[in-house]
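Welcome! Here is a friendly first tour for anyone opening this structure for the first time. Take a moment to look it over before reading on.

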Amino acid sequence: MRALCLVALLATTPAFAADDDAAALGLADKTVTTAEQARDWHLFTEAAWNLAVLRATDATQQFERLSLGASYDTVVAPQWRVAFADRFDAWWQQEPSRQYNVNTLQEAYLSWLPRPDRIADLGSINTRYGVAYAYNPTDFFRTDAVRATVSADPAVQRENRLGTVAVRGQALWTGGSLTALYSPKLADHPNNGALDPDLGATNGSNRWLVAVSQQLSDQFNPQWLLFGTVGQPPQFGLNLTTLLNDATVLSLEWSGGRSASLFVQALSLPSDTAFRSRLATNLTYTTANKLSLTVEYEYCGAALDGDAWDELGRRSLPVYVAYRNYVAAVQDPPTRRRFFLRAFWQDALFNHFDLTSYAFVDTVDHSWQTWVEARYHWTQLDLALQWQRNDGAPLSQYGALPQQWITQVLARYFF
Amino acid sequence: MSESTRRPSYGAIVALWAALAPGHVTAAAAPNAQEILAASDAIRNPGQPFGLTVALIEYRDGKQTDSTTLAVYSKADPASGQFRSLIRFVAPPRDANKLMLKSGNDLWFFDPASKASIRLSPQQRLLGQAANGDVVTVNLAKDYKAELLAEEDTQDGERVNRHCYKLALAAVSPDVTYHHIEMWIDVSSDRPVKARFFSESDRLLKTAYYRRYQLQLGVERPTEMVIIDGLNPQWVTVMRYSDFAWREVSEQWLQRDYLPRFRPE
């Protein structure tokens, strides 16, 4: 009987397949496509409601935020291109009640292409390097670049940062390129004014960068960097990625050079210059059902180590605060080692529904931060619910953050 | 000339009879399967660098769930003969101006919002149900060894019966999206008609129909591919090609460091 059923099943399978194919072709017959054209401009607006529980008092704190983002990128004449991107964030905080705004000029530059393989740029340029996910040692222009933190998610912080006023040239050849950039000092100090271009943050000193890349094989396309700034020996950088198999990518990002420790820089102490390395290396594995898992190890040789970090808060709270503020501005971690774990599940459970979660684990002070997001997207609208929790001892990296947990609901509309 | 070649031998007569018998192909009479596949590639793929627009419309259970528009620029690698492609997202607005660079398994994704160029594994998908490899031009004859299984009639995407070569394609390179493929190619025109794509474990991943043939860049080419998911046939992707044009695709474009610069118009 079982054999009979199997034979019957096998006999009907091609018929089912033919029916399925006919149905699919019928759908295709009825498909109407509209001609979508590439646009020079893009706009979005985002509204967020934010509720946090403060660690010290268990009191709640409520924010609302409205953000507007605009970008424009067009060819204005043969060989000439203009790029512009800006974001404006407005916050409303309750208890204590206050309202504040921050504008971030992300880029505004003119580009000249005298030949297809030669490019020159002048203006505010958002230059970013690095293949790691949550910590980019070769992103040399990250210092003071973030004006408005709208999320702890490293992916969001990368999107919302200032450009640096610079002149940049690039030469390209088959499988490789050379980029040189010079960014002059234009102001002395950062300016917190809502609409200020904040040149003191991005152009507070003379800086330069040279980057070279060359495809060595199908597997390897390394990028070497050399960065210099006033008062510091040149820093070297390397970015490298390779495929381990069809589902796994390995990335390595390193920078190193003689420099003072972050603690000395933060407090303007006598220099303790030595060769210091920074490293971020990660592995991303993707399953067949669109789940990507990333584990990243991060090391900052200029940050404090275990004993010095443990003692810092106990010795002097103002010094601790000054150090934390400084490392946050230069986007380095306050301690030497941490892990970053991330899971991203595209079309999780049902279509258009994405789940993302990450955790930072500080292996020096054993504090951690966890973050989870559920996001549903329609054609032009995203709706997301985010939840973040900070845990650890009182003066640890994540235990010292004032919010114990934060919930955020946001809606983003793309025009 | 020898005696044996002047007069048909008994063996040759048997071979001729076998070759003419419907649905049965012998090695002696078989056309070269690899040449059939290469001829079919030449119909799908223009012989010079080109650009086109791809509209991907996804259906689930008969309802449209997604729509994506891509601008694709392709150029064959003079060394390998395989195509390398730059794909620019045009719509929806959420994804506009994102870029994908694909050269074999070397796959990069650039997001203009974060200025980040991220290396992807072939398993990471950016296009809903369609594999990244589905939207780019591929010379199958470069990546697969073809074997002629049979000649048979099959229904094409327009529900017309076509007399086809049925080829079995086995991957010769690990840098491919599908482990093996069954492909039906029109005997009279070398047009690809239908293909079934399989995993290494012989699981049917998808079925594709090549249809809506139109004169594009000098050759009658398919301007639509209907992809039916192997696991759930209710998941259907319609890929519609338009705006075919010869395009200058510079060698310098086809690298990670050019992605932030790419602006072809």
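The notes below go from overall confidence to chain A and then to chain B.

This is a predicted model, and the predictor gives the complex an ipTM of 0.88 and a pTM of 0.88. Chain A contains six helices and 18 strands, while chain B has a mean pLDDT of 85.

**Chain A as a whole**

- Chain A has 415 residues, and 33% of them count as buried.
- If you picture a box along the principal axes, the C-alpha atoms of chain A fill roughly 85 × 60 × 45 Å.
- Take the contacts in chain A with a separation of 6 or more: 52% of them come from residues 24 or more positions apart.

**A closer look at A:Asp29**

- To find A:Asp29, look in helix H1 of chain A, which covers residues 2–30.
- Why does A:Asp29 count as partly exposed? A:Asp29 has 14 C-beta neighbours inside 10 Å, and the partly exposed class lies between the exposed limit of 12 or fewer and the buried limit of 20 or more.
- A:Asp29 and A:Leu199 are 170 residues apart along the chain, and their C-alpha atoms are separated by 57 Å.

**Confidence along chain B**

- In chain B, 87% of the residues reach a pLDDT of 70 or more.
- Which elements of chain B have the lowest and the highest mean pLDDT? The lowest, 36, belongs to helix H1 (residues 3–6) of chain B, and the highest, 97, to strand S9 (residues 180–186) of chain B.
- Over residues 1–28 of chain B the pLDDT is below 50. Beyond near neighbours in sequence, this stretch has 17 contacts in the model.

**Strands around S13 of chain B**

- Strand S13 of chain B spans residues 235–246, and pairs with strand S1 (residues 50–60) of chain B in the antiparallel sense over 10 bridges.
- One residue pair to look for here is B:Ala55, whose bridge partner in S13(B) is B:Arg240.
- Strand S12 (residues 219–229) of chain B also runs antiparallel to S13(B), and five bridges join the two.
- On that side, B:Ile228 has B:Val236 in S13(B) as its bridge partner.
- How many residues lie between S12(B) and S13(B) in the hairpin they form? There are five residues between these two strands.
- As background for viewing strands, side chains in a regular strand alternate between the two faces of the sheet.

Methods: Residues are numbered from 1 along each chain as its sequence is written. Chains are lettered from A and ligands numbered from 1 in the order in which they are written. This is a predicted model: local features need pLDDT of at least 70, side-chain atom pairs count only at pLDDT 80 or more; totals for chains, interfaces and linings use all residues. Helices (H or I, at least four residues) and strands (E, at least two) are DSSP runs, numbered from the N terminus. Two residues are in contact if their C-beta atoms, placed from the backbone, lie within 7 Å. pLDDT is the predictor's confidence in each residue, from 0 to 100. Two strands pair if DSSP finds at least two bridges between them.
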